[in-house]
Amino acid sequence: MGAGISMKKYLKDIFLISFVIIIGVTLFFILKVNKVEGSNAYIYYKNEVYAIVDFQKQKIEITTTIKDGYPKLTSEDEIVLLGDYKKGDQKTYVYIQADFELEKIRIRKDESPYQIAVNRGWYDGNGLPLVSAPNSISIIFKKSEVDSSV
């Protein structure tokens, strides 16, 4: 009689563990693997697109130029913008870096007081947009407007 009860408990345990694993794997794929292929990162300054990072073409395209030639490319994977945060009466620089292999982007360096956007690290389009509030800069991933199969 004792063996029958322990066998039922064993089967219940196996069923419960299997159920938890299946739910966990399902949630992982729903939450993690939802990035759209062919997406680009749009770099905004005060709600205007200043640059587009195209991960398929592996290039950063500047769409708007403001005073003193900013934004500008510092390398093929980095762009620098003038943010709204000021030291004295000078606007400060915001360095944004793209990783084309991993399709991620980050604010590498800025001079805002709390460094929240810098400390957030790499952003791949999952979760909330990357925002540097003191500099009025945000980065949002969107699906590419041009169909890459053409």
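A residue counts as exposed when its relative accessible area is over 50%, as buried when under 20%, and as partly exposed in between. In this predicted model, K9 is exposed, at 54% relative accessibility. The points below cover the salt bridges, the strand pairing and the nonpolar core.

**Salt bridges**
- The structure contains five salt bridges.
- One of them joins K9 and D13, whose closest N and O atoms are 3.9 Å apart.
- K9 and D13 are about one helical turn apart, because they sit four residues from each other in helix α1 (residues 2–32).
- D13 is partly exposed, with a relative accessible area of 35%.
- R108 and E78 also form a salt bridge, at 2.5 Å from N to O.
- R108 belongs to strand β7 and E78 to strand β5, so this pair ties together parts that are 30 residues apart in sequence.
- E78 is buried at 10% relative accessibility, whereas R108 is partly exposed at 32%.
- D84 and K91 meet in a salt bridge of 3.5 Å, N to O, and shared partners join K46, D84 and K91 into one network.

**Strand pairing**
- Strand β9 (residues 137–143) pairs with β1 (residues 39–45) in the antiparallel sense over seven bridges; N40 has K142 as its bridge partner.
- Strand β8 (residues 130–132) pairs with β9 in the antiparallel sense over three bridges, and L130 is partnered with I139.
- Four residues separate β8 and β9 in a hairpin, and S136 in the turn has a positive phi of about 60 degrees.

**Nonpolar core**
- The largest nonpolar core has 23 residues; I43, V53, I96, I105, I107 and I139 touch the most other members.
- Elements supplying at least two residues each include β1, β9 and α2 (116–120).
- Among the residues that I107 touches are V94, A117, L130 and I139.

Note on methods: Residues are numbered from 1 along each chain as its sequence is written. This is a predicted model: local features need pLDDT of at least 70, side-chain atom pairs count only at pLDDT 80 or more; totals for chains, interfaces and linings use all residues. Side-chain values use heavy atoms; hydrogens and water are left out. Two strands pair if DSSP finds at least two bridges between them. A nonpolar core is a set of buried Ala, Val, Leu, Ile, Met, Phe, Trp, Tyr and Cys residues joined through side-chain atoms within 4.5 Å. Buried means under 20% relative accessible area, exposed over 50%, partly exposed in between (1.4 Å probe, protein chains only). Contact means heavy atoms within 4.5 Å. A salt bridge is a side-chain nitrogen of Lys or Arg within 4 Å of a carboxyl oxygen of Asp or Glu. Lists of a residue's contacts leave out its neighbours within four places in sequence.
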